[in-house]
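Here's a quick briefing to read with the model open beside you.

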Amino acid sequence: MRRREFLAAAGLAPALGADGAPTRFQLACMTLPYAPFPLERALTGIRSAGFQYVAWGVSHTGTDGVRKPLMEVKAAPGEASALAARCRSMGLEPVMMFATTHFEAPTALDDHKRRIDQAHAAKIPYVLTFGGTKGGQYQAVIGNLKAMADHARAAGVTVFIKQHGGETATGEACARILADVAHESVRLCYDAGNVMDYEGTDPIADIHKCWRQIRGFCIKDHRDNPKDEDCGIGFGEIDHYKLLRPVMRTGLTMPLAFENIFEPLVPRPSTPEGVDRLARRSREFLESVLGGLERI
């Protein structure tokens, strides 16, 4: 697909019109907030907090006190399939996993292809990636994303990019990357907390410049005052009613993955039960937001 064709399709697709069918949202808790605890405890906590969907994080501290990757990049696809089966046996459908290798890294292409193969085996539809685009890295990023896109399409997997500073600091900037990649298997996972954090950009204004490219969200909030820090939804300064309104009628299925659920200013919970409480609270808050917006 050529860049011009991609832009035309992104801008004119009837399914993304203002009068489209309702968006089907999948509220998924990442295991990331449970990183100090064993993966098994993360999964039971997420399920007990009322989630039906899960997004695999990066690493967890085992019962032996050692922090290990949730899934090694070089792990056989069968390992991902087995973990996905375990999640499903607990009532959790896995919808997203981290690439863990930045998309400008020398090994990015091979590592992302391995992640895509793992996601395919596990029947996980999305692989989340990000990285830096400074110091002449932009063309390397475009080349890597283009090179992995056909592999992702063949596997039935979509590669998500998200905001992470530099030339990916905003949704508008990420939309430029997507236009240069021009492939339907590479899309945007919007991270409003990072938009506000890295550049101080207003995510409400920014999302209107890229909403047609969005296929999912990393849910986190952010505060500038009284302390500059990311936090859980509803604890920060981002109006999620305004943020989500542009994508309420896309006709698509979109994962909303909770990346940060923590309270600002106070220490993070020292027990998994404390994380459970915040996971449940975050889910209930977002359900209230969506419930209201669905009535408009």
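What follows is a short tour, grouped by topic.

This is a predicted model, so a word on ground rules: local features need pLDDT of at least 70, side-chain atom pairs count only at pLDDT 80 or more, and totals for chains, interfaces and linings use all residues. Residues are numbered from 1 along each chain as its sequence is written, and side-chain values use heavy atoms, with hydrogens and water left out.

**Salt bridges**

- The count comes to 17 salt bridges (a side-chain nitrogen of Lys or Arg within 4 Å of a carboxyl oxygen of Asp or Glu).
- Arg 86 pairs with Glu 40, with the closest N and O atoms 2.4 Å apart. Arg 86 sits in helix H3 (residues 77-89) and Glu 40 in helix H2 (residues 39-48), so the bridge ties together parts 46 residues apart in sequence. Helices (H or I, at least four residues) and strands (E, at least two) are DSSP runs, numbered from the N terminus.
- Arg 86 is partly exposed at 37% relative accessibility, and Glu 40 is partly exposed at 38% (buried is under 20% relative accessible area, exposed over 50%, partly exposed in between, with a 1.4 Å probe and protein chains only).
- Glu 259 bridges to Lys 220 at 3.1 Å between the closest N and O atoms. That pair links distant parts of the chain, 39 residues apart, with Glu 259 in the loop between strand E12 (253-258) and helix H10 (272-293) and Lys 220 in the loop between strand E9 (214-219) and strand E10 (221-223).
- Glu 259 is buried at 14%, and Lys 220 is buried at 3%.

**Pockets**

- The largest pocket has a volume of about 260 Å³. A pocket here is an open set of points on a 1 Å grid over the protein atoms alone, where a 1.4 Å probe fits, with protein on both sides within 12 Å along at least five of seven lines; lining residues have an atom within 4 Å of a point. Volume is the space filled by probe spheres set on the points, which are joined across faces, edges and corners.
- Its lining has 15 residues, and Glu 259 turns up again among those nearest the centre, along with Leu 32, Pro 33, Phe 262 and Arg 268.

**Gly 171**

- Gly 171 is in helix H6 (residues 171-181) and is buried, with a relative accessible area of 0%.
- Gly 171 and Trp 211 are 40 residues apart in sequence and 8.2 Å apart in space, C-alpha to C-alpha.
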